[in-house]
Amino acid sequence: MVYFSVYIMEVNKTARIIRSEIINPVMGFSAVFLGAVIALTYRLRYLLPGFSLQEKAAITSSSTLNNILTDPLYAPHKIFQYLMSKLAHTGFIAMRSISVLMGLAVVYLFFYAARKWFSFRVSLLATVLLATSGWFVFTARSATTGIMSLSLIGVVAFGSWIIDNRFHRTLLIAGFGLALWLLYVPGLIWFVIFGFIVQRAKIREAVNKNRGLTIVLTLGLLILLAPLVYNFVQNPHLLQAYFGLTTRPLTNIINFPKNLLNIPLNLFIINKANPLTHVGRMPILDIFTSVMVVLGIYNFFVNERHLDRARFLLGTISLACILIALGGSVGIEILIPFVYLLAASGIAYLMNQWFVVFPSNPIARFSAWTMIILIVSTAAFYNLQSYFVAWAKAPLTKAYYSIQPTKPAPRKINR
């Protein structure tokens, strides 16, 4: 009887572990990811009356292989749009779905990186905030190439992944693939270099154990980057935009302090009026996320400044802010994933402070999580309403988005 009781206790313990470590996380992330799918695909065709000029220009630049080779920047996005057009799909869903798929990849990579740094619940809440933020939803539902700038979260996810990964071949293949992707995005070459420097010991170890594979991957990288290099040889002036610099260096150096100050202003207080992307002069972040970001910055500097992840995040954000302030090809949207990592840190700090006061009170813990979930849900609802209702139905928005898609030419049938 005693052995049977012990056996039952062990079974119950195992069941609790499976439920808490596998079933609940899988169900929780699946629900959030499904919500992101719905947010990024809801009325993708009918929400706006047409394409914007920027979307039309992006579609035109990917309409032929010659156009892509002439300007190979953002080549991965352009190639997928080109394949869609070759399949005779040039409408709203086809052209915007490329950004949607990349946006969903950003959501997954963000959750993966956040999960390596924070608890599951905190990571999930931060992912909800990211996936429902107005700027992210706009970028991921647009037919432009802007979503590729958010691919930078891949550097954080990759850095978090290789810490525990001992499969050096997989590390090298994934690293070269990520580098190839990022090197086709203007301004991101600096982050590739920065990531290489930070992870140089791990990369050196993987290279030393797989010299043959490294040579093959390096040759493949050079071959796949050849269109980019050839384009720069033909048009050297494009190098400035590629490195995130500007054609007016003196003017932008003078404006550098002002541009640097505008970054927190645009994030937290007031933004530039642009009917193409948002309503009025609303800041990029809502009030709750702004407070969490401030708490996250405090948490990193006071409690976690000695950790490698804090230094890496600080270095990445600093580099991004410098490139944004230079006024070149790097826009403020590049900061979106990192800002929400800071928000995750703020949520973690807030909850930890609460649990210090109530370390073992189950009612207090339940109340805290219920309250934070309700607040995050309210913030998500507010951001989605701002995008799908306030912005999408504004007269100026409809005026800017009025270009109809070009109908594909009918296929000739040989008899």
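Predicted model: local features only at pLDDT ≥ 70, side-chain atom pairs only at ≥ 80, totals over all residues.
Residues are numbered from 1 along each chain as its sequence is written, and side-chain values use heavy atoms, with hydrogens and water left out.

Student: Which element gives the largest share of the lining of the largest pocket?

Tutor: A pocket is an open set of points on a 1 Å grid over the protein atoms alone, where a 1.4 Å probe fits, with protein on both sides within 12 Å along at least five of seven lines, and its lining residues have an atom within 4 Å of a point. Helices are DSSP runs of H or I with at least four residues, numbered from the N terminus. The largest share, five residues, comes from α2.

Student: How many residues does α9 give to the lining of the second largest pocket?

Tutor: About 610 Å³ of space lies in the second largest pocket, a volume being the space filled by probe spheres set on grid points joined across faces, edges and corners. Of the 24 residues that line the second largest pocket, those closest to its centre include Gly175 and Phe196. The contribution of α9 is the most, at eight residues.

Student: Is Tyr298 buried, partly exposed or exposed?

Tutor: Tyr298 lies in helix α17. Buried means under 20% relative accessible area and exposed over 50%, with partly exposed in between (1.4 Å probe, protein chains only). Because its relative accessible area is 42%, Tyr298 is partly exposed.

Notes
Helix = DSSP H or I, 4+ residues; strand = E, 2+ residues; numbered from the N terminus.
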